[in-house]
Amino acid sequence: MASRYGKKFDRVLRQLRKECPLKTPMKVLTKDLGKEKLCGCCYAYLKPNGKIDHFVIEVDRNMGLLTAVDTLLHEWAHAMDKEANGIPVEPHRNTWGEMYARVWRVYTNMASDPMP
Ligand SMILES: [Zn+2]
């Protein structure tokens, strides 16, 4: 079944899983984040030994499709950065910026492909 944001959003998510894969399990859900005043967030759940057990990305369910996709890309980059470089003190550090550029490239390559 398609998610709250429909097939296009799900397609971006599938492409990210394929081209920017994580070694850590990742769950993406849409949720009402209006109260928190957030577009999205990326939680890293830790094992007792401090290693990352799994990620959960929450995307606010009250946005337009393009904002939702941008939020997904932004949060996916956080997961890649945390997995590769550890949990940051400054979340939008340079290594996160590099990951964000990578996920955006996946998305823009998709957009220039003809839709199947
Ligand atoms: Zn962020």
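Predicted model: local features only at pLDDT ≥ 70, side-chain atom pairs only at ≥ 80, totals over all residues.
Start in the middle. In soluble globular proteins, nonpolar side chains tend to be buried together. Here the largest nonpolar core has 20 residues. Within this core, I57, L72, W76 and A77 have the most contacts. Several elements build the core. α1 (6-19), β3 (52-60), α2 (65-85) and α3 (94-112) each supply at least two residues. The biggest share comes from α2, which gives eight residues.

Now look at W76. Setting aside residues up to four places away in sequence, W76 touches L16, C20, I57 and V103. W76 also takes part in both helix contacts described next: it belongs to the contact of α2 with α1, and it belongs to the contact of α2 with α3.

Turn to the helices. Two packed helices are described by the angle between their axes and the distance between the axes. Take α1 and α2. Their angle is about 20°, and their axes are 10 Å apart. Angles under 35 degrees count as roughly parallel, so α1 and α2 are roughly parallel to each other. Their crossing is right-handed. On the α1 side, the contact is made by K8, F9, V12, L13 and L16. On the α2 side, L65, A68, V69, L72 and W76 take part. What classes do these residues fall into? Nine are nonpolar, none is polar and one is charged.

Next, pair α2 with α3. The axes of these helices come within 8 Å and cross at roughly 130°. That angle makes α2 and α3 oblique to each other. The crossing of α2 and α3 is right-handed. From α2, the contact uses L73, H74, W76, A77, H78, M80, D81 and N85. From α3, it uses T95, W96, M99, Y100, V103, W104 and Y107. By class, the contact of α2 with α3 has 10 nonpolar, four polar and one charged residues.

Finally, leave the helices for a loop. K37 is found between β1 (26-31) and β2 (40-46). Its phi is near 55°. That is a positive value in a residue other than glycine.

Terms used. Residues numbered from 1 in each chain as written. Core = buried A, V, L, I, M, F, W, Y, C linked by C-beta atoms within 7 Å. Buried ≥ 20, exposed ≤ 12 C-beta atoms within 10 Å, placed from the backbone. Helix = DSSP H or I, 4+ residues; strand = E, 2+ residues; numbered from the N terminus. Contact = placed C-beta atoms within 7 Å. Axes fitted to C-alpha atoms, helices over the stretch in contact; angles between N-to-C directions. Parallel < 35°, antiparallel > 145°, perpendicular 65-115°, else oblique. Left-handed = near helix turned anticlockwise from the far one by under 90°. Nonpolar A, V, L, I, M, F, W, Y, C, P; charged D, E, K, R; others polar.
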